[in-house]
Amino acid sequence: MVSTPPHPRATLRETLAEGPFTLAMSSGFFGFFAHAGVLAALVDASLLPVRVTGSSAGALVGGLWAAGLPITEARRSLRALTREAFWDPTPGLGVLRGKRLRRLLESLLPEATFERARVPLAISVYEPLLRRTVVLRAGEIAPAIHASCAVPLMFHPVRIGSRVYVDGGVADRPGLAGAPGVERVFYHHLASRLSRGKAAQRRNVIPRRPGLFTLVLDGLPRPHPFDLGPGVTAMDDAYARACAALDRPVGDGVIAG
């Protein structure tokens, strides 16, 4: 997918409809609600990505859809999500063991492996022992999503084969490591929960490169493990705002919704 500059007055809808594009979605604490709303807006507009890549929350939503789960089913499952579905405190290198999360993922995935996904899927994880991002593209999807969502200190690290991984957003917050630089990419950027300091500034930097079109939805409600209710509101708001953003000019590549 070779990138070509969009017409300066073209809308996001027109730009995405011009040719194949990759969907990339960032990490963000419980941001999978907002990602689901944005992806639903794309699906309802018949703007379907030919490849999916992401970290953490983005890997979760993108991975479920790439594995064949209809976005309507993903949204229904998120509306019904309770803390008990993933909450399994166990002593270790994190509060949660992650077994409940793994079972939840396995129950939702129509296809179990990357090789059987409906579109190519790339999931970013972080290998702490070697201090590097690793992009997973083969094997079982559930462990890859689990690892990419394993926020340090919240979840135990995840072993896949002989390696141990944690949250992909540690070093690849945008989830773009799996997207070659020459392809057209629609990227949904979740603002970091960190609000102050240099760390917050680094995490909120919006990537820039040719062929990258970024949607930024500020001010969405922020759920957390002890109150998931705002997540449903965030999902519905993200859907409405993403639908509206499709008809805004692309401009310099960043579209505020």
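This is a predicted model: local features need pLDDT of at least 70, side-chain atom pairs count only at pLDDT 80 or more; totals for chains, interfaces and linings use all residues.
How far apart should the ends of helix 8 be, at 1.5 Å a residue, and how far apart are its end C-alpha atoms? Let me take that as my way into this structure. Residues are numbered from 1 along each chain as its sequence is written, and side-chain values use heavy atoms, with hydrogens and water left out.

Now to the answer. Helices (H or I, at least four residues) and strands (E, at least two) are DSSP runs, numbered from the N terminus, and the expected span of a helix is 1.5 Å times one less than its number of residues. Helix 8 has 17 residues, 229–245, so it should span 24 Å, and its end C-alpha atoms are 25 Å apart, which agrees. Some residues of this helix are buried, namely Gly-231, Ala-234, Met-235, Ala-238, Ala-242 and Ala-245; here buried means under 20% relative accessible area, exposed means over 50%, and partly exposed is in between, with a 1.4 Å probe and protein chains only. Seen down the axis of helix 8, these buried residues fall within an arc of 105°, so they line one face of the helix, where the arc is that of the directions from the helix axis to the C-beta atoms. Their cover includes helix 1 (12–17), helix 2 (32–44), helix 4 (71–79), strand 10 (212–216) and strand 11 (254–256), and contact means heavy atoms within 4.5 Å.

Helix 2 is mostly covered, with 11 of its 13 residues buried, among them Phe-32, Phe-33, His-35 and Leu-42. Helix 2 is followed by Ser-46, which lies in the loop between helix 2 and strand 2 (51–55). Most residues other than glycine have a negative phi, yet the phi of Ser-46 is near 60°, a positive value. At 61% relative accessibility, Ser-46 counts as exposed. Leu-153 also has a positive phi, of about 75°, although it is not a glycine; Leu-153 lies in strand 6 (residues 153–155), and at 71% relative accessibility it counts as exposed.

Which residues touch the most other members of the largest nonpolar core? A nonpolar core is a set of buried Ala, Val, Leu, Ile, Met, Phe, Trp, Tyr and Cys residues joined through side-chain atoms within 4.5 Å. The largest one has 70 residues, and the two in question are Phe-32 and Phe-186. Helix 2 gives the most to this core, with nine residues. Leaving aside its neighbours within four places in sequence, Phe-32 is in contact with Ala-57, Leu-60, Val-61, Leu-78 and Leu-81. There is also a second, separate core of six residues, including Ala-24, Leu-176, Ala-179 and Leu-212.

Phe-32 brings us to the aromatic rings. Rings of Phe, Tyr and Trp (its six-membered ring) pair if their centres lie within 6.5 Å, and planes under 30 degrees apart count as stacked, over 60 as edge-to-face and the rest as tilted. By this rule there are six aromatic pairs. Phe-30 and Phe-32 form a tilted pair, 5.4 Å centre to centre and with 45° between the planes, and both are buried. The rings of Trp-87 and Phe-226 have centres 5.3 Å apart and planes at 70°, so this pair is edge-to-face. Trp-87 lies in the loop between helix 4 and strand 3 (94–96) and Phe-226 in the loop between strand 10 and helix 8, so the pair ties together parts that are 139 residues apart in sequence. Phe-226 is exposed, with a relative accessible area of 58%. Ring pairs link Phe-29, Phe-30, Phe-32, Phe-33, Phe-86, Trp-87 and Phe-226 into a cluster.

Finally, charges over rings. A charge sits over a ring if NZ of Lys or CZ of Arg is within 6 Å of the ring centre and within 35 degrees of the ring normal. Arg-75 lies over the face of Tyr-239, at 4.9 Å from the ring centre, and the charged end of Arg-118 sits over the ring of Trp-65, 4.2 Å from its centre.
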